[in-house]
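This report describes the overall build of a protein, the surroundings of its ligand and some local backbone features. The structure is shown first.

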Amino acid sequence: MYDLIVTGAGCAGCVTAERTAQRGFKTLVLDRQPSGNLGHTWVNGVERTVFDRVGIAMPSGEETMPSPLVSRLLGPSGTHYIETTSSPTIEVRMSVFARRLLADAMEAGAEFREATPVARPLMEGDRVAGVVTASGEEIPARVVVDASGWEAVLRRELPETSPIPREFDEGYMVTAWREQRRFGPEEAAEVPRILDIPPDVNVSRVGWRGGYSVLMLHWDPRESELDILVGFSQAESTESAGEYVRNFFAEKGLGGERIYGGGGLIPVRRSLDVLVDHGILLAGDSACMVIPAHGSGVASSLIAGDLAARTIARCLRENDTSRENLWEYAASYQRGRGALMAYFDVTRGLTDNFDQSDMDMLVGFVMTPGDVEAGLRAEPLGIDLKDAMHRLRSLRHPIFTTRFAWLASAALTLKKAYEDYPKRYDPNQLEEWRGRIKRARKRLETS
Ligand SMILES: Cc1cc2nc3c(=O)[nH]c(=O)nc-3n(C[C@H](O)[C@H](O)[C@H](O)COP(=O)(O)OP(=O)(O)OC[C@H]3O[C@@H](n4cnc5c(N)ncnc54)[C@H](O)[C@@H]3O)c2cc1C
């Protein structure tokens, strides 16, 4: 019997597998993709500091793409912007990076089965005792990790009695697409003029489509390459981000050749309330571990994989993979990274309640380059109630000032609540904690 089965050979799955196998446990990784198609085909900006933090070599060579020297964050109307010149993130080609992580896991002793879609958890009473593949094969294991990304194939099939939420509001789903296109010499000369963007400047416009939306364009004149990223709320649109990009190029009359790219969905919300149950842990997008401010989930997935492996190894040694014993992982994630994610849920409050002119005001007069960089490094902006009032005094716009200050303090309340996530599994404490989250969320929604 396997000690651990990991469903999904993405960042979260590979790190969990590598670190559990390294500690001497019999580990199997399953992915529905054949080996040649593993890893997403788009570039992700990942916090540079996370690699040192979890002990993974910084991506280099063909795993990366050069970072822009200058970045501009524009408000919805495009009239105001904030410019930054540092690069807190590194641009990572995910298909190349994910294959390195899988190779590391296999070197540590993990087995890998490609082209094996998992259909559901194998249940023994109320505990997960392995997985059932799409072809009906039952593979038992002492503990299982759902690292299958936003599709969360195991989480969605858990019994109703599980405290892990199987579903959440679809309004949190963002459709996203990122690609790099190369242009021939004639067209290349026209691209920045047609798109009205300066060369070598990464221009990101937020709120351009109302609600939670971003359109990023970056023209690299040396490579004659355009980098485009589009994301918007799936619920508010009938087209996907990929369709939008295709139509965008057609409308602008631009051809070029896609050299790397792809897209999918991102669950842009704070992490789920409960991350473990008897015999199962969730890691990565399957647990909604994405920084809501910018939809980045890779760093959280690496951190979660590392934390999960520590708890799994201890529980296997103690021969106890109950919800109570696995809870340590949930508490350590939620009290640290989870609290930061909850803090950045403030962006929901912004996009849901602030109209475009409010957002313009925010970008033009309230936020600083330091705030944008802190957001990319996944660090709190350091805006407390007093600081917010100070920054807003010059605006002489009392209603906006009050709403923004309220929002800033609600974000800190939410972060604090996650820092106090129950250390041990206790249904009463969990209910009490959920009540705190509900009240803090309400403050965000009504600000
Ligand atoms: C266009 C776009 C741009 C993005 N940009 C950024 C960014 O700049 N920075 C950033 O940090 N994040 C970004 N993200 C989010 C990031 O890609 C995810 O947060 C991250 O990949 C999550 O990692 P994961 O390990 O949880 O899941 P994934 O990397 O999605 O891996 C899940 C794995 O599970 C496998 N799987 C799925 N279903 C099954 C099944 N039934 N059986 C077996 N295997 C299965 C999949 O094949 C896949 O290999 C972006 C996402 C998109 C769509």
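## Backbone, ligand shell and sheet

Cysteine 288 is buried, as 26 other C-beta atoms lie within 10 Å. The model in which this residue is described is a predicted one. Cysteine 288 lies in the loop that links β18 (280–282) to α7 (298–317). Although cysteine 288 is not a glycine, its phi is positive, at about 60°.

A positive phi also occurs at asparagine 319, a residue other than glycine, with a value near 55°. Asparagine 319 belongs to the loop between α7 and α8 (323–343). Asparagine 319 is exposed, because 8 other C-beta atoms lie within 10 Å, and a residue counts as exposed at 12 or fewer. The table sets out the two residues.

| Residue | Phi | Other C-beta atoms within 10 Å | Burial |
|---|---|---|---|
| Cysteine 288 | about 60° | 26 C-beta atoms | buried |

**Overall build.** The protein contains 14 helices and 18 strands. Its radius of gyration is 22 Å, close to the 22 Å that the globule rule gives for 447 residues, so the protein is as compact as a globular protein of that length. Along the principal axes, the C-alpha atoms fill a box of roughly 60 × 50 × 40 Å. Of the 447 residues, 47% are buried. Among contacts with a separation of 6 or more, 73% join residues 24 or more positions apart.

**Ligand shell.** The ligand is surrounded by 39 residues, of which Gly8, Gly10, Gly149, Gly284 and Gly297 are the closest. Two or more residues of the shell come from each of α1 (11–22), β3 (43–47), β12 (173–182), β16 (257–267) and α7. The shell comprises 17 nonpolar, 17 polar and five charged residues. Domain 1 (2–63 + 92–167 + 274–341) and domain 2 (171–267) each supply at least three residues to the shell.

**A three-stranded sheet.** Strand β3, which contributes to the ligand shell, is also part of an open sheet of three strands. The strand order is β3-β7-β4, and the pairing is antiparallel. Both β3 and β4 (64–65) stand at the edges with a single partner strand each, so one side of each has no neighbour in the sheet. Two bridges join β4 to β7 (residues 89–93) in the antiparallel sense. Methionine 65 has glutamate 91 in β7 as its bridge partner.

How values were computed. Residues numbered from 1 in each chain as written. Predicted model: local features only at pLDDT ≥ 70, side-chain atom pairs only at ≥ 80, totals over all residues. Helix = DSSP H or I, 4+ residues; strand = E, 2+ residues; numbered from the N terminus. Buried ≥ 20, exposed ≤ 12 C-beta atoms within 10 Å, placed from the backbone. Rg over C-alpha atoms; globule rule 2.2 N^0.38 Å. Contact = placed C-beta atoms within 7 Å. Near = placed C-beta within 6 Å. Nonpolar A, V, L, I, M, F, W, Y, C, P; charged D, E, K, R; others polar. Domains from an automatic or database assignment. Pairing = 2+ DSSP bridges.
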